[in-house]
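Me: I've got a structure open and a few things I'd like to ask about its loops and its ligand. Can you walk me through them?

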Amino acid sequence: MAETKRAKKTVTLFDDLEPVVNKPESKDPAITPKRKILFVASEARPFIATGGLADVIGSLPQALAKDPTYDVRVVLPMYSDIKPDFRRKMSFLGNIYVPLGWRNQYCGVFTCEREGVTFYFVDNEYYFKRSGCYGYYDDGERFAFFSRSVMEILPFIGYYPDILHCHDWQSALAAIYLKTIYCKRPEYQFIRALFTIHNIEYQGKYSLDILEDLFGISTNYQYLLEYDGCINLMKGAIECCERFSTVSPTYAKEIQTAQYAHGLQDIICKNAFKLTGILNGIDVDMYNPATDEALFAKYDAEHLENKKICKTELQKMLGLPVKNVPIIAMISRLVSHKGLELVKSVAEDILHEDVQFVLLGTGDKAYEEYFRDLGVRYEGKASVNIAFNGDLSKKIYSGSDIFLMPSVSEPCGLSQMIASRYATVPVVRETGGLYDSIKPYGDNGNGFTFASCNAYDMLYVIHEALDTYKKSEEWKALMKKAATTDFSWLRSAEDYKKLYEETYRTL
Ligand code: GLC
């Protein structure tokens, strides 16, 4: 980096604080300290995963840590669901007490290293010895404890990051605590906060009366967190952080509109000057058809022949007739924003074609029942698997031909990237990260896309995909194109580094 000087501005976020005077910075690159990034998130692969957030926190820090000028660390809650295999690899650093409202809570600190990244786990059995990660009546308190612990462990672990990178509402309070309580302490005053929205639907909304008592934040700061008559942690983090981002450029635009913002559009628009969209990547080593042990046979973009074995074995395993018809697959949470109404409207039309349909996922009971019933009615043509199964998902990604993802909204979406990597051609709606990652075949792209939330538009492009499938040379070229599209973190990690630099220079 040629420019090492920081802006000479002296800025502070709140009127009651003394202005912050910038630290002098060394001009000698040989003694320039490493850029310190602390990730704060509620899940990360391989330790604990319920969704796409875990994929990101399990791979972006590692991608950044490949740069020797970066010191990347991650803090997670010590859930009881973290497997003993991982626990055995951790060491116990000690414990501290964390103030939360009027109480002081025990906080054990564990650590382990993984691919150049230091992970910390904050332990309190009262909060985290439960099955799963979320869905408890006291989630607000649980993640307030988590966020406050992050702030409190910094002196204990002797690490004050340049950037506190918080993800989604569960760690929003870390950014809020930093700017309302901790930045008054000299060691914390140079920490900048970056907040990333993975899904704006979940904002962390609570009643106003717990602000002081439970979250331990003075009502002087209520204006920062209050929105629509309640505490809104996502809103608070957006107000407090120096920069915020989301997981695709298109979603960054979409969340400035009422259609996508789940009520937060005014806040997003007001703060749009500090918003960036960066498309996620995937861990291309973990999702690699050339090495993936879960597959019936291995292959790569240059040698796709074995994909046929994956297909035949998948058909046998799912009780579908072994024949050369296109398999259309969906692997999805069964919730409405995944575009399942569109699928419902034309499912029969799709199944009247010479195709097979495979679905894997769990979610809303009504959708589970609908698809179960569809599977029964189209036995031998449709295989419906109401389950969450990592091994089966890999077998479906590799053994299918077409991957259907017609989301109504999709901040980024990782499944379309994984499917592509396994040479399964995506059919997607042009929204969020789907729009940014999949381009239409007609324009020399890597999949099939449709714009409006209209089932017949979707059906039209499915037909386009089925017609192309019949032209085997064209299809082979398209499979190769999908499989060689670069979805690695290399590209996005560079964008994050730019954003960290920008965030760092804001004070
Ligand atoms: C959320 C979003 C998904 C995104 C993932 C990782 O799960 O719904 O679109 O890919 O976060 O950022």
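Me: Where is Glu 115 placed?

Reply: Quick note: this is a predicted model, where local features need pLDDT of at least 70, side-chain atom pairs count only at pLDDT 80 or more, and totals for chains, interfaces and linings use all residues. Residues are numbered from 1 along each chain as its sequence is written, and side-chain values use heavy atoms, with hydrogens and water left out. Helices (H or I, at least four residues) and strands (E, at least two) are DSSP runs, numbered from the N terminus. Glu 115 has a positive phi near 45° though it isn't a glycine, and its place is the loop between strand S4 (103-114) and strand S5 (117-123).

Me: Is Asp 168 buried or exposed?

Reply: Asp 168 sits in the loop between strand S6 (163-167) and helix H6 (172-180), with a positive phi near 60°. Buried means under 20% relative accessible area, exposed over 50%, partly exposed in between (1.4 Å probe, protein chains only). Asp 168 has 9%, so Asp 168 is buried.

Me: Which peptide bond is cis?

Reply: Look in the loop between strand S1 (35-40) and helix H1 (52-57), where Pro 46 lies. With omega near 0°, the cis bond runs from Arg 45 to Pro 46.

Me: How far is an oxygen atom of the ligand from the side chain of Glu 410?

Reply: Polar contacts here are pairs of N or O atoms within 3.5 Å; within protein, one must be able to donate a hydrogen and the other to accept it, and residues adjacent in sequence count only if both atoms are side-chain atoms. A polar side-chain atom of Asn 280 is 2.8 Å from a ligand oxygen. For an N or O atom in the Glu 410 side chain, the distance is 2.7 Å.
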